[in-house]
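Trainee: Could you walk me through this structure, and show me where each term comes from?

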Amino acid sequence: MDAPHTPPSAAALDKALKAMTAVVGSAAAFATEEDRDAYSDHFPIDPHRHRPFAAVAPTSAEQVQALVKIAVAHRVPIWTVSRGKNLGYGTAAPVVAGSIVLDLSRMQRIEVDVENATVLLEPGVGFFDLYDYLQTRNIPLWLSVPGNSWGSVIGNALDRGLGYTPYGEHTRNLCGMEVVLPDGDMVRTGMGAMPNAPTWQLHKYGYGPAWDQLFVQSNFGIVTKAGMWLMPQPQIVRGFDVEMDRMEDLGPLIDTIGPLRREGVLLQSPTIGNWFRAANILTTRKQWTDQPGSLSDEVIAAIRKQFGLGWWGVSLRVYGRETVVQANMDILEKALTAIKPMSMKPFSWRPGEPFSPTQGGWMGVPMTFPMQSANWFGGRGGHIGFSPVLTQSGKLAMEQFNRTYARYKEFGMDYQASFAFGERHMLNVNAVLLNLDDPQFMKRVDPFLRTLIADARQHGYGEYRAHIDYMDTVADCYDYNNHALRRLNERVKNALDPAGILAPGKSGVWPAGHHRGTKA
Amino acid sequence: MRRWVLIGLSTLLPLAAHSADLDGKQLFHEKCAMCHGAVGMGTGLLARRMKPEVAPLEMREDLSAAYVERAARVGILNMPPITRGDVSDAQLASIARYLAKGKP
């Protein structure tokens, strides 16, 4: 495990919390033992390692400014969460135990620009909140939602979360931010730097250096508002739910989808998943086997048969005007037929027609049912991801799959994987399902994850996102020219946050003088 | 995401509009129904342990307000604790009264 960061002194924390409580009020400051547990990680390897000291819930950017200044004055670390639902990546918990969590859940303003298909949001707005807002007003704009949509729209985009529609790379939808800097100053990025600019949510860059991505997966500022582009409701959605029978079908499937994605026949972010990704939502392990270790081929075959699953499956969707969709569907059908899928079920939807909730991901409807996978072992569970960035090569992806699958078997884990297409890259999102009721099992998780990270690193693959336990380890892989990127990040960090109070350790970026806990 | 195979579910129930008032039913739909509504994670997992028709919390007759508040704050099995930043004590009390249908 990464070594702990030096905790702040109890006296400093008490004084800081008292001053912060004066800003937000006693009904928005939380420091009981129960509160500390509630703001801890709920899919943890060790639930005690990242326990915060307290949490405070401001309702305005001005309160955030005041809280930051208090943290600087008392030199206590603060850890910002939008809604604190980042399950699998640390939930609401800070890297540094004893930090004070800044919980922005109560900042919930929504301003939609219907004509331009944009929204300006505060971080406390969840996917369900925004969906309800649009639906109840009959606004024909769609979100893109992640598989667990309990969290914040802004928070997910700031951690580079994924969805499944043409707006599925959520960080790309960001357009213009309001940010409180670590000294309490406030900046608006892009066109927002001009007071009252009508183009803040329309043009991503403004003039000169563009800063939005500097505040993504970083600890350089606290985003208190952000613009997002929304998808105009399409005239029609069509596509195919495709199942491929054999393990080795992954390569040809990737090589079929990749060119269509790069060319723009497919504009969505298609995600190929293995059979287990579908099955672990529907059933529990004990219904199939009492054997420890990875599931046997016989058990896998039985589960696949029960639910009619291929070894791999993918849902491909084409969105837009009828005539364009028809033309792209013809291309898609021909390409898919050529690789002989096990099944290829057509899908079609027009506005006003009902659709199954299981289609929600491709229709921009928030959902939580995929988190039923946390119950795979029958008791308390969860998941931690291992998500290297790959090329869109079927051959190289098969090699990465074979390496990873062999490691899952070696460590006795059940293999869940997906291959999520970007426009040029592919994210190989593997989930390690946790059995929190089995200490022996849990002891294997950390060495397993470190082995996967090291394997990928050898081939030049680094992760796109990390759980708080692995931020240093993942950052350590990005080590060109003696860690020049980390050195740059930390020069910026020290310039903006000389007191080192804002989310120390986030994405492996530490303030000067703080102990780096890296374990290679 | 790959295709998810859930069988026998109706279409999504629309959630109530956002509001800051303390109407228990409305707050339940804002704060809880994403998991405890028709196709949520909570309903899906509770349906493994009880009759599916009473898996949605609004269909239950055996919940007390005290139990609902405790369960929400400390979590149960795969349900994480609900923070006080997300749902205030006053909001949770209102939700608990609604789900308990008059029981303390």
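Mentor: Here is a walk through the helices, the sheets, the chain contact and the core.

Mentor: First, some ground rules: this is a predicted model, where local features need pLDDT of at least 70, side-chain atom pairs count only at pLDDT 80 or more, and totals for chains, interfaces and linings use all residues. Residues are numbered from 1 along each chain as its sequence is written, while chains are lettered from A and ligands numbered from 1 in the order in which they are written.

Trainee: How many helices and strands does chain B have?

Mentor: Chain B has five helices and zero strands, running α-α-α-α-α from the N terminus on. Helices here are DSSP runs of H or I with at least four residues, strands are runs of E with at least two, and both are numbered from the N terminus.

Trainee: What makes α1(B) roughly perpendicular to α5(B)?

Mentor: Helix α1 (residues 24-31) and helix α5 (residues 89-100) of chain B pack at an angle of about 110°, with their axes 8 Å apart. That makes the pair roughly perpendicular, a label covering 65 to 115 degrees (under 35 is roughly parallel, over 145 roughly antiparallel, the rest oblique). Axes are lines fitted to C-alpha atoms, for helices over the stretch in contact, and angles run from 0 to 180 degrees between N-to-C directions.

Trainee: Which residues of α1(B) and α5(B) meet?

Mentor: B:G24, B:K25, B:L27, B:F28 and B:K31 in α1(B) meet B:Q91, B:S94, B:I95, B:R97, B:Y98 and B:L99 in α5(B). Being in contact needs C-beta atoms, placed from the backbone, within 7 Å. By class, these residues are five nonpolar, three polar and three charged. Nonpolar covers Ala, Val, Leu, Ile, Met, Phe, Trp, Tyr, Cys and Pro, charged covers Asp, Glu, Lys and Arg, and the others, Gly among them, count as polar.

Trainee: Why are β5 and β9 of chain A said to stand at the edges?

Mentor: They belong to an open sheet of five strands, in the order β5-β6-β10-β8-β9 (chain A), with antiparallel pairing. β5 (110-113) and β9 (186-188) each have a single partner strand, so one side of each is left without a neighbour in the sheet. The twist averages 15° from one strand to the next.

Trainee: How do you know that β6(A) and β10(A) pair?

Mentor: Pairing takes at least two bridges found by DSSP. Strand β6 (residues 118-121) and strand β10 (residues 222-229) of chain A have four, in the antiparallel sense, so they pass that cut-off. A:L121 stands opposite A:A226, and A:T118 stands opposite A:W229. β8(A) and β10(A) also pair in the antiparallel sense, over five bridges, and A:V179 has A:V223 in β10(A) as its bridge partner.

Trainee: What makes β10(A) largely enclosed?

Mentor: Seven of its eight residues are buried, so β10(A) is largely enclosed by the rest of the structure. Buried means 20 or more other C-beta atoms within 10 Å of a residue's own (12 or fewer is exposed, in between is partly exposed), with C-beta atoms placed from the backbone.

Trainee: Which residues of α7(A) are buried?

Mentor: A:W275, A:F276, A:R277, A:A278, A:A279, A:N280 and A:I281 are. That is seven of eight, so α7(A) is largely enclosed too. These buried residues pack against β13, α8 (297-307), β14, β18 (416-421) and β19 of chain A.

Trainee: Where do β1 and β3 of chain A stand in their sheet?

Mentor: In an open sheet of four strands, ordered β1-β2-β4-β3 (chain A) with mixed pairing, β1 (29-30) and β3 (78-81) stand at the edges. Strands β2 (residues 54-56) and β4 (residues 100-103) of chain A run parallel, joined by three bridges, and A:A54 stands opposite A:I100.

Trainee: How many residues of chain A are in contact with chain B?

Mentor: 55 residues of chain A are in contact with 31 of chain B. α4(A) gives the most to that side of chain A, with six residues. By class, the side has 25 nonpolar, 19 polar and eleven charged residues.

Trainee: Which residues touch the most other members of the largest nonpolar core?

Mentor: Among its 162 residues, they are A:M20, A:V56, A:A71, A:I100, A:L102, A:M228 and B:I95. A nonpolar core is a set of buried Ala, Val, Leu, Ile, Met, Phe, Trp, Tyr and Cys residues joined through C-beta atoms within 7 Å.

Terms used: Two residues are in contact if their C-beta atoms, placed from the backbone, lie within 7 Å.
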